[in-house]
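Colleague: I am new to this structure and would like to learn how to read it. Please take the features one at a time.

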Amino acid sequence: MKTRVWFVATAALLLVAPAAHAQLAITEVVEGNGANFKYVEIRNTGATSFDLTTAGAQLRRYSNGGTTATNINLTGTIAAGAFFVIANNATDFNAIWPLPAAANQYDSNVNHNGDDSYQLWNGTAVVDGFAYDWVTGTDPGNPAADGAFHRVGSAYPNNGNWGGVVAVADGGT
């Protein structure tokens with residue numbers, strides 16, 4: 001009897017754990033062509049709030065096709081169905097999106113330049129990515145320069161369907 005209860009409890013945990021990971025998705029990556037107007041938007045697609053700090057969530061940026069990541073620790077909580085924006089800096093972000101539309105977090109490592117990719121990590125697991133196929137050790141050029149990538153809403157989890165690039169001019173969309 002004890003073996004059966006342990007097995008059922010373990011199976012339940014294995015079924016629940018991936019669902020918690022799958023509730024986060026990168027929904028937008030913007031690289032304005034002026035100053036440092038750069039940000040990444042993450043959405044909580046789940047039915048409950050998600051504590052990024054407790055989960056050990058990170059955004060990892062790979063530059064110029066490189067294979068070594070710059071880790072950005074994410075802090076805060078995302079309400080169910082809500083968005084979380086991490087921008088390069090408050091000055092450039094707020095010049096385009098005035099208060100109260102401030103980003104949730106600022107980090108100067110959000111400094112992508114058209115050939116960088118991102119992975120979204122939840123502790124030890126990758127839960128989503130943007131352009132990770134560029135991480136080859138070879139610079140792919142600048143396929144995402146001065147653009148705004150918006151995920152197609154039906155493309156969860158990541159299946160590469162980003163719906164193309166919308167050009168931005170000095171941070172405007």
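Modeller: Begin with terms: strands are DSSP runs of E with at least two residues, helices are runs of H or I with at least four, and both are numbered from the N terminus. Two strands pair if DSSP finds at least two bridges between them. The model is predicted: local features need pLDDT of at least 70, side-chain atom pairs count only at pLDDT 80 or more, and totals for chains, interfaces and linings use all residues. Residues are numbered from 1 along each chain as its sequence is written, and side-chain values use heavy atoms, leaving out hydrogens and water.

Colleague: What is the order of the four strands in the open sheet?

Modeller: The order is 5-4-9-10, with antiparallel pairing. Strand 5 (69-73) and strand 10 (125-130) are the edges, each pairing on one side only. Five bridges join strand 4 (residues 57-62) to strand 5; Arg60 has Asn71 in strand 5 as its bridge partner.

Colleague: Where does the charged end of Arg60 sit?

Modeller: A charge sits over a ring if NZ of Lys or CZ of Arg is within 6 Å of the ring centre and within 35 degrees of the ring normal. Here the charged end of Arg60 is over the ring of Trp121, 3.6 Å from its centre.

Colleague: Is Phe130 buried or exposed?

Modeller: Buried means under 20% relative accessible area, exposed over 50%, and partly exposed in between, using a 1.4 Å probe and protein chains only. Phe130, found in strand 10, has a relative accessible area of 4%, so Phe130 is buried.
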